[in-house]
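Please read it alongside the sequence and the structure.

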Amino acid sequence: MGLIMLIKDLWRAFHFVCSVQFWRMVLLWNFSILLSYYRLFKASFSQKIVSYPRCSPSITPFRPVCVITGATSGLGLATAYELSKEGYVVVLVGRSQQLLSETIRKIKDRNGDAHLKAFEVDLASIESIMKFKTSLRQWLLDSDLHCSVQILINNAGILATSPRVTAEGFDQMIGTNYIGAFVLTKLLLPLLESSLVSSKIVNVTSFTHRAVTGVQVNEGTVSGRRFLRSKQYPYARIYEYSKLCLLLFSYELHRQICLMEKSHQIFVTVADPGIVQTNIMREFPAILSCLACSVLKRLRLLQSPECGINSILDAALAPAGTSGAYFFGGKGRTINSSTLSRNAKLARELWETTCNLLSVTPFAAQRNWC
């Protein structure tokens with residue numbers, strides 16, 4: 001039986017290795033991370049690098065609240081633990097109640113003073129996100145906390161190797177990595193605006209966005225339906241695209257907030273953790289995942305979640321007023337994302353197209369939804 005399973009795993013791994021998407025990951029993703037480190041080195045060498053110190057939460061009568069999606073493992077869990085030590089009430093958002101309970105236990109074992117609250121949410125479902133917003137607001141009202149949020153960290157993300165569709169008909173990977181973050185951020189904006197001190201939105205993106213050199217912004221692409229029609233599911237391209245969309249959304253949100261009356265209150269930053277050893281490749285053949293980890297460790301590119309969260313913590317704890325920055329490499333350092341990701345016209349088109357897609361979903365019933 002064991003031999004049969006081994007042969008099946010080897011055959012599946014062989015099919016992966018023979019695919020265009022696999023080699024896209026091997027070649028373009030490695031080039032992208034090396035390009036990011038080159039930009040970091042070049043900026044450091046020329047002493048033109050911009051870095052920000054970490055700041056403790058502002059003193060208020062109420063404990064600050066931080067919402068973290070994808071909080072049950074990897075980067076999300078490690079970030080939740082560190083921010084609980086900083087004094088934040090950490091709201092854990094995940095898809096599994098069992099994993100959320102285990103996450104609370106793990107954090108409490110290391111930090112007995114941690115203040116935690118868990119919500120089961122499927123970020124690929126707009127209905128689930130809307131229910132979470134209502135439940136979160138009610139919980140804040142019922143607690144001794146101020147009815148506001150100080151930090152929102154959109155960390156949840158998946159790398160699916162086969163096509164799946166959300167209830168709204170979107171590709172699940174785009175629905176989780178980008179559209180879910182868009183909807184959640186928009187729904188929680190009133191709670192972020194209500195903060196007695198400045199609040200922050202941190203979107204966790206990826207160096208893989210650099211692999212995208214051109215994109216058409218239309219409903220078929222933004223929803224992922226165009227990719228679902230492909231003969232072979234282009235999972236690597238979709239993942240890159242979803243992270244590019246999250247970046248474009250971040251910069252456009254930063255620009256729009258700057259035009260608001262409360263622009264001094266909300267700041268938007270982006271965090272790129274680099275290559276981190278998480279379970280994001282759980283859908284890949286185990287032999288390939290192990291081989292990739294082994295090679296990346298030898299190249300000193302693979303980080304543990306405890307090290308990978310440095311850019312996320314840098315973004316979350318940056319001084320008030322830090323907005324529109326791309327954190328990478330730890331130590332508060334920032335670099336430029338790709339030229340395409342900083343295209344303001346493309347970002348506006350993406351925003352409008354996303355709003356058009358959402359206009360036929362329950363999200364459209366929200367006041368000032370887009």
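A nonpolar core is here a set of buried Ala, Val, Leu, Ile, Met, Phe, Trp, Tyr and Cys residues joined through side-chain atoms within 4.5 Å; buried means under 20% relative accessible area, exposed over 50%, and partly exposed in between, with a 1.4 Å probe and protein chains only. In soluble globular proteins, nonpolar side chains tend to be buried together.

## Basis of the model

Residues are numbered from 1 along each chain as its sequence is written. Because the model is predicted, local features need pLDDT of at least 70 and side-chain atom pairs count only at pLDDT 80 or more, whereas totals for chains, interfaces and linings use all residues, and side-chain values use heavy atoms, with hydrogens and water left out.

## The crossing of H6 and H13

Helix H6 (residues 172-193) and helix H13 (residues 344-358) have axes that come within 12 Å and cross at roughly 85°, which makes H6 roughly perpendicular to H13, a description that applies to angles of 65 to 115 degrees, with under 35 counted as roughly parallel, over 145 as roughly antiparallel and the rest as oblique. The axes are lines fitted to C-alpha atoms, for helices over the stretch in contact, and angles run from 0 to 180 degrees between N-to-C directions; helices are DSSP runs (H or I, at least four residues) numbered from the N terminus.

From H6, Tyr 178, Ile 179, Phe 182, Val 183 and Lys 186 meet Leu 350, Trp 351, Thr 354, Cys 355 and Leu 358 in H13. By class, this contact of H6 with H13 has 8 nonpolar, 1 polar and 1 charged residues, where Ala, Val, Leu, Ile, Met, Phe, Trp, Tyr, Cys and Pro count as nonpolar, Asp, Glu, Lys and Arg as charged, and the others, Gly among them, as polar.

## Salt bridges

The whole structure has 8 salt bridges, each being a side-chain nitrogen of Lys or Arg within 4 Å of a carboxyl oxygen of Asp or Glu. In one of them, Glu 240 pairs with Arg 24, with the closest N and O atoms 2.8 Å apart; since Glu 240 lies in helix H9 and Arg 24 in helix H2 (residues 20-45), the pair ties together parts that are 216 residues apart in sequence. Glu 240 is buried at a relative accessible area of 0%, whereas Arg 24 is partly exposed at 22%.

Within helix H9, Arg 255 and Glu 252 are 3 residues apart, about one turn of the helix, and their side chains meet in a salt bridge at 3.3 Å, N to O. Arg 255 is partly exposed, with a relative accessible area of 29%, while Glu 252 counts as buried at 6%.

Terms used
Helix = DSSP H or I, 4+ residues; strand = E, 2+ residues; numbered from the N terminus. Contact = heavy atoms within 4.5 Å.
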